[in-house]
Amino acid sequence: MGLFGKAEKKLEGAVGGVFARAFKGDVQPVEITQRLCKELDAEAQVLSHDKSLVPNGFLVELSKHDYARLFPFSKTMNAEISAELKDYAAEHSYVFDGPIAITYEERPDLPIGRFEVSSASLAAVEAGAEADLRPRQGQLVLEVNGVRHPLTGPSLVIGRGSEADLRINDPGISRQHAKIVVSQDGGRTRVVVQDLGSTNGIIVDGQKVAQAELAEGSRIDLGKTQIMVHAPVGR
């Protein structure tokens with residue numbers, strides 16, 4: 001039995017077999033698995049002679065009918081689909097940037113049985129052992145790939161290397177890429193991002209800069225990773 005035949009049986013078992021028996025013509029979980037594997041093939045970027053980087057973030061857009069039917073099973077489906085994607089990646093020497101994330105959205109213009117898939121590389125993010133990232137009232141927070149990191153100051157180094165306070169596994173980010181400095185200026189908190197001589201630089205709100213002051217709603221682009229600045233925790 002091939003990869004997708006095994007995937008179908010595992011997925012049917014995980015959700016009680018209701019899909020294949022009762023919903024002919026609707027979107028099936030195994031079809032989503034097949035499409036995501038094709039997405040890996042289409043988006044693979046060669047890293048070396050024996051490794052290719054593939055996206056790890058996927059958005060599946062479904063018709064109103066298919067979304068209502070599939071979404072209640074999404075947690076179980078995602079566990080099984082992720083396992084199949086890992087197997088497929090291992091067979092093709094693909095590597096992921098970070099943990100696999102699959103989300104679903106309803107798209108009213110799609111007919112029953114049709115779905116669309118898009119993908120992106122979501123870099124793995126890890127706080128360094130010395131970083132104090134406990135939420136405190138009155139501090140801006142950085143959101144990276146859905147995870148919020150409070151800016152407790154006085155500084156936070158972002159980079160790919162082990163010495164960074166906030167490590168992001170993105171090949172477009174330098175080992176020590178940028179520093180965020182939190183200071184007091186006349187009774188107000190000032191937050192500034194500084195480029196640390198990185199290879200690809202930093203972009204703040206669409207403009208490439210060496211240094212820029214940050215505020216609620218600011219967007220920082222480092223490599224392929226987008227970092228959002230949000231309102232203080234507890235405000």
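Six strands form an open sheet in the order 9-8-18-17-14-15, and the pairing is antiparallel. The edges are strand 9 (147-150) and strand 15 (207-209), each of which pairs on one side only. From one strand to the next, the twist averages 30°. This is a predicted model.

Strand 14 (residues 202-204) and strand 17 (residues 219-222) run antiparallel and are joined by 2 bridges. Here Val 204 stands opposite Ile 220 in strand 17.

Both of those residues also touch Leu 214. Leu 214 lies in strand 16 (residues 211-214). Is Leu 214 buried or exposed? Leu 214 has a relative accessible area of 5%. Buried means under 20%, so Leu 214 counts as buried. Leaving aside residues up to four places away in sequence, Leu 214 touches Leu 140, Ile 180, Val 191, Val 193, Val 204, Ile 220 and Val 229. One of these contacts can be followed along the chain. Ile 180 and Leu 214 are 34 residues apart in sequence, yet their C-alpha atoms are 9.1 Å apart in space.

Another open sheet has 3 strands in the order 5-3-6, with mixed pairing. Its edge strands are strand 5 (101-106) and strand 6 (115-120), and each pairs on one side only. Neighbouring strands in this sheet are turned by 20° against each other on average, direction ignored. Strand 3 (residues 57-62) and strand 5 run parallel, with 6 bridges between them. Gly 57 has Ala 101 in strand 5 as its bridge partner.

Two helices pack on this sheet. Helix 3 touches strand 3, strand 5 and strand 6. Helix 5 touches strand 3 and strand 5.

| Helix | Strand | Angle between directions |
|---|---|---|
| Helix 3 | Strand 6 | about 40° |
| Helix 5 | Strand 5 | about 135° |

How far apart are the end C-alpha atoms of helix 3? The helix has 15 residues (residues 29-43). At 1.5 Å a residue, helix 3 should span 21 Å.

Buried residues of helix 3 are Pro 29, Val 30, Ile 32, Thr 33, Leu 36, Cys 37, Glu 39 and Leu 40. An α-helix has 3.6 residues a turn, so residues three or four places apart point the same way.

Two packed helices are described by the angle between their axes and the distance between the axes. Helix 3 and helix 5 (residues 74-91) pack at an angle of about 40°, and their axes are 10 Å apart. The crossing of helix 3 with helix 5 is right-handed.

Which residues meet there? From helix 3 come Pro 29, Ile 32, Thr 33, Leu 36, Cys 37, Leu 40 and Asp 41. From helix 5 come Met 77, Ile 81, Glu 84, Leu 85 and Tyr 88. By class, this contact has 9 nonpolar, 1 polar and 2 charged residues.

**The whole protein**

The secondary structure comes to 5 helices and 18 strands. The protein has 235 residues, and 41% of them count as buried. Among contacts with a separation of 6 or more, 58% are between residues 24 or more positions apart.

Terms used: Residues are numbered from 1 along each chain as its sequence is written. This is a predicted model: local features need pLDDT of at least 70, side-chain atom pairs count only at pLDDT 80 or more; totals for chains, interfaces and linings use all residues. Side-chain values use heavy atoms; hydrogens and water are left out. Two strands pair if DSSP finds at least two bridges between them. Helices (H or I, at least four residues) and strands (E, at least two) are DSSP runs, numbered from the N terminus. Axes are lines fitted to C-alpha atoms, for helices over the stretch in contact, and angles run from 0 to 180 degrees between N-to-C directions. The expected span of a helix is 1.5 Å times one less than its number of residues. Buried means under 20% relative accessible area, exposed over 50%, partly exposed in between (1.4 Å probe, protein chains only). A crossing is left-handed if the near helix is turned anticlockwise from the far one by less than a right angle, and right-handed if clockwise. Contact means heavy atoms within 4.5 Å. Ala, Val, Leu, Ile, Met, Phe, Trp, Tyr, Cys and Pro count as nonpolar, Asp, Glu, Lys and Arg as charged, and the others, Gly among them, as polar.
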